[in-house]
Amino acid sequence: MREHRAGPTADLRRTGIHPNFWYPVAVSGSVPKNKTFAAVFAGERIALYRGASGTVFALEDRCAHRQVPLSMGVVEGETLRCCYHAWAYRGNGRISQIPYLPKGVDRPPRGVRSYPVRERYGLVFVFPGDPEKADTTPLPELPEYDSVKHKTMVFSRTVHCHYSFMHENLLDMNHQFLHRGVLGKIQPKLLGYETGPEFVEARYLFVHAGGKKDRGAGLLSGEGFGGGNSPDVITVRTEYPYQTLQAVPENSELPAFSLWAAYVPKDAEQRTHHAYGLLMIAKPPIPGALNLAWPLIRRFTERVFAEDRMAVEAEQRAWDEQGEDWNHEVFPLILDVRDVLRTNGVPIRPESALCGAAAFCDGAPRAGTPSDTASHQPG
Amino acid sequence: MREHRAGPTADLRRTGIHPNFWYPVAVSGSVPKNKTFAAVFAGERIALYRGASGTVFALEDRCAHRQVPLSMGVVEGETLRCCYHAWAYRGNGRISQIPYLPKGVDRPPRGVRSYPVRERYGLVFVFPGDPEKADTTPLPELPEYDSVKHKTMVFSRTVHCHYSFMHENLLDMNHQFLHRGVLGKIQPKLLGYETGPEFVEARYLFVHAGGKKDRGAGLLSGEGFGGGNSPDVITVRTEYPYQTLQAVPENSELPAFSLWAAYVPKDAEQRTHHAYGLLMIAKPPIPGALNLAWPLIRRFTERVFAEDRMAVEAEQRAWDEQGEDWNHEVFPLILDVRDVLRTNGVPIRPESALCGAAAFCDGAPRAGTPSDTASHQPG
Amino acid sequence: MREHRAGPTADLRRTGIHPNFWYPVAVSGSVPKNKTFAAVFAGERIALYRGASGTVFALEDRCAHRQVPLSMGVVEGETLRCCYHAWAYRGNGRISQIPYLPKGVDRPPRGVRSYPVRERYGLVFVFPGDPEKADTTPLPELPEYDSVKHKTMVFSRTVHCHYSFMHENLLDMNHQFLHRGVLGKIQPKLLGYETGPEFVEARYLFVHAGGKKDRGAGLLSGEGFGGGNSPDVITVRTEYPYQTLQAVPENSELPAFSLWAAYVPKDAEQRTHHAYGLLMIAKPPIPGALNLAWPLIRRFTERVFAEDRMAVEAEQRAWDEQGEDWNHEVFPLILDVRDVLRTNGVPIRPESALCGAAAFCDGAPRAGTPSDTASHQPG
């Protein structure tokens, strides 16, 4: 199903994320009507723009003429005009106008590459791989996002490390020592885990063993709303290429919150990514209580995230210096998620972004992305 | 006449500017009497200094002793003394004193390279090529600079792109879309163009087709002084290695203004240059009117230049990422100017600046630049 | 005795400092009790920490688990715990605890490299070379540091150049021209010099020949305390790998001050170092006078040091651009000190820091550094 997998013994940090999935590359609010946004996926620059109708389009971010980024351009109706010599493009990448084209110029460029686009969950997703597989590849399903019983907090941050460090960070809950200042002393106990060809899922029991705990942490897990200081069952799951976390208080059947996350590589070498997170929090019985708690929960989660970022970016710096993976992993499920990420990924070829794009130099955008399939799905 | 030309199929952005011309490397005001200035030409560091007599000299910017830049040194009369161990140099590059030279040291270094210098039009020009050709190579002729009927505005800016992007920018007036915010809607019409082995000249008719126009733009073209909103004939000419632009209102025979520009590479790879521009503006009949308009004209021209810079630097960034020239040019005269720049240039050898200089390691500065030919021509 | 010497014709700026010496890597105050400090020696990152007992330990600055710097960790008694998954290390580099280690994991890592440590003269010294040679290699002897007749000013600055430029700077006193603004006009006269396989020592007579002199300079040489404007005899000595300077007023037998300096490479290519200096100043007869003069002496010495830094960093930049050593040295004793630095040094292998460390990947820290020899010597 996925053809170009990296071998099992390859250095995980040289494994590229598989492009045949839907990846968020912007939050919807970053692409207002009639505006552009300079997005990127693994070294491929992508010009997003939202036309007058509200539809978002995604084009290779360079004019076919002189390579100036189209994201510097001007939206006109459903087309995008380059800022420099005013060449205009349709949402499918075809050139619709060259204002001053002299007669007798044979074979002017036909356009640039376009990407399938979906807008959902307040995010703009593109499909950077084989466009023929876009329609049959589902977006992630997040029923809680639409539920009136939940409210969603959005995270969007650039993190300077390979995406794999993020999966390992969240799956290995023994790293709670890192958050001792925010969470107090937590003793995570691994209840069990499961591994499949495309997933690893681990369940932990979190027992608070003393120490000061950030108030936002309590509010998030429902304690502040009357849940008490009971232990939580935390389920972390990498299901390629996404990751989720669910927290269920031990005295409950329903999750207090669940997190969906995607780690989208930015540079061609994939040593930096943009982390998009949707934290869906169950509303407590008291109306409006969650709104009051919102700023505290935001502060708490940002603190935790900042600590994780400090650790994973230190890991990447070490890898950069050592030039290869020196890790001595002792936790079996982490060895499993490494295999999942390795076998579902693709080799990183730093030049591939450009080589792939070069195929469009002659002006023939890759087939299969007519503008009607690249359209907006109301979120 | 010029020996080492790049082939016609070479990547234009890897073509070095030919050194056998006079290039400005500083505005005169940057080199006050008894002071130094650190200039550069295509990776060659050049120490300028103005002696007590007012003459400007140009030396290779390193002491022959320990390679510390001579531009950090101290001017003494017509000599330049290194700041570190006080070795002194004449304007022709020869060492005139080593204060503490022990007896019995055989063959101390004789000096460093010097460059022919001319000062004219408020600029300091050096001749970075074969010094024997300096005397027979004319400086550009700019009669309007000296005319009492004109006043000159000086531009001096570092731009992070290959000089060729500048020539193409100005010659292809279809880029007026870039300046829509400053100039309103302009419809440039190509009236004709001519190409020779060392030049391309294009004539355009500029018709203002609506939109708000910066007041400085009107003042510059003479409208504000009673010229009305008539169309202008704009003539742009690349005459290797310089570029000029003349604007003649259709109801006039005399240019409202003319621009002379030189794009002087800074780094050895020539991906950055310093643009020097002299904008010579015809004084309107009302005495003092031009002085009043001066700040508005300055603001307008700086805005236009900032937009051009944004575009050409985006082109260079694209080239850096793509590693070669992907441009699909459709405008014939731009194809012509590319040929002119390619065939009159030289291959870029990043190491050439150093290799050339290395020839002086033994202390024998290149012949032919006695201090009397490297002298100042009163401007 | 020192096995891997660079050949006599090697480029001095590619010569690594020999690791079989004691090198300061921090001032003591940077490592308070129960705290860590991220030090470095020639590309090897070193985590210093001071345990509850006051002893300073030095470990390779990476956790054996996931390579996160141990200097980001937490001191617990005499051990250091990694901030991420809480692995704990002893001062000899052995892992003392992995809090969650699952059963059945065979051969978890045993630890990381440790370095012999001595604390003396307000500095933390490590022995980065063969640890078996640490005990038989003496620390520098600085009797004046402990003398009640002296007071010591500490210098600690990163300088972006190869350490050899520092030795040459201080030994060639003809560079006083560089300090003309601070010291006035000095005419240094070389009285004589001696060279041995591991040292060069030069004696100069400094005569003040006019010009304004910084007040701190006078105070430092004892003039301000009644010493008058008499000439000084300055003795500069490189004794591998350290350097010293003594200033003896001509009418005295005792040094007015003496300086001890070490230039400790930071990066693997050794193009940057950290300069540690101890300036031991003889107290004048008037009690408290030195304390009053202290800020002026500090300002003066910092000004001199800033000028030297400007020069040696310009030398390094020139070397970086030229790619090799173009210097034309004419001062014989400088040629001698180059030979001393070359023949006592080791070839720079940028990857050696990592290769050496890689030997510890299997968890076997290099033998010979039990924690009791890596201990603190009360200063």
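Mentor: A strand here is a DSSP run of E with at least two residues, a helix is a run of H or I with at least four, and both are numbered from the N terminus. Keep in mind that the model is predicted.

Start in chain A, in the loop between strand 16 (232–239) and strand 17 (242–249), where A:Pro241 is found. The peptide bond leading from A:Tyr240 into A:Pro241 is cis, and its omega is near 0°. Turning to chain B, B:Pro241 sits in the loop that runs from strand 16 (232–239) to strand 17 (242–249) of that chain. B:Tyr240 and B:Pro241 are joined by a cis peptide bond, with omega about 0°.

The relation between the chains comes next. Two copies of a chain are related by a rotation about an axis and a shift along it. For chain B laid on chain A, the turn is 120°, the shift along the axis is 0.0 Å and the RMSD is 0.0 Å. This is therefore the relation of a three-fold axis. The C-alpha of chain B nearest that axis belongs to B:Asp320, at 13 Å. Chain B is also superposed on chain C, by a rotation of 120° with 0.1 Å of shift along its axis and an RMSD of 0.0 Å. For this pair, B:Asp320 again has the C-alpha of chain B nearest the axis, 13 Å from it.

Two other loops hold residues with a positive phi. B:Gln270 is not a glycine, yet its phi is positive, about 60°. B:Gln270 belongs to the loop between strand 18 (257–265) and strand 19 (273–282) of chain B. With a relative accessibility of 6%, B:Gln270 counts as buried, because the cut-off for buried is under 20%. In chain C, C:Ala42 has a positive phi of about 50° and is not a glycine either. C:Ala42 is placed in the loop between strand 3 (36–41) and strand 4 (44–50) of chain C. The relative accessible area of C:Ala42 is 10%, so C:Ala42 is buried.

Back in chain A, the loop between helix 2 (163–171) and helix 3 (180–183) contains A:Leu178. A:Leu178 has a relative accessible area of 5% and is therefore buried. Which residues does A:Leu178 contact, leaving aside neighbours within four places in sequence? In chain A they are A:Glu307, A:Asp308, A:Met310 and A:Ala311, and in chain C they are C:Cys83 and C:Tyr84. A:Ala311 is 133 residues from A:Leu178 in sequence, while their C-alpha atoms are 8.3 Å apart in space.

The last item is a helix pair in chain C. The axes of helix 2 (residues 163–171) and helix 5 (residues 289–322) of chain C come within 10 Å and cross at roughly 130°. Helix 2 of chain C is therefore oblique to helix 5 of chain C. The crossing of helix 2 and helix 5 of chain C is right-handed. From helix 2 of chain C, C:Phe165, C:Met166 and C:Asn169 take part in the contact, and from helix 5 of chain C the residues are C:Phe305, C:Asp308, C:Val312, C:Glu315 and C:Gln316. Sorted by class, the contact between helix 2 and helix 5 of chain C has four nonpolar, two polar and two charged residues.

Technical notes. Residues are numbered from 1 along each chain as its sequence is written. Chains are lettered from A and ligands numbered from 1 in the order in which they are written. This is a predicted model: local features need pLDDT of at least 70, side-chain atom pairs count only at pLDDT 80 or more; totals for chains, interfaces and linings use all residues. Side-chain values use heavy atoms; hydrogens and water are left out. Axes are lines fitted to C-alpha atoms, for helices over the stretch in contact, and angles run from 0 to 180 degrees between N-to-C directions. Angles under 35 degrees count as roughly parallel, over 145 as roughly antiparallel, 65 to 115 as roughly perpendicular and the rest as oblique. A crossing is left-handed if the near helix is turned anticlockwise from the far one by less than a right angle, and right-handed if clockwise. Contact means heavy atoms within 4.5 Å. Ala, Val, Leu, Ile, Met, Phe, Trp, Tyr, Cys and Pro count as nonpolar, Asp, Glu, Lys and Arg as charged, and the others, Gly among them, as polar. Copies are superposed by least squares on the C-alpha atoms of residues with pLDDT of at least 70 in both. Buried means under 20% relative accessible area, exposed over 50%, partly exposed in between (1.4 Å probe, protein chains only).
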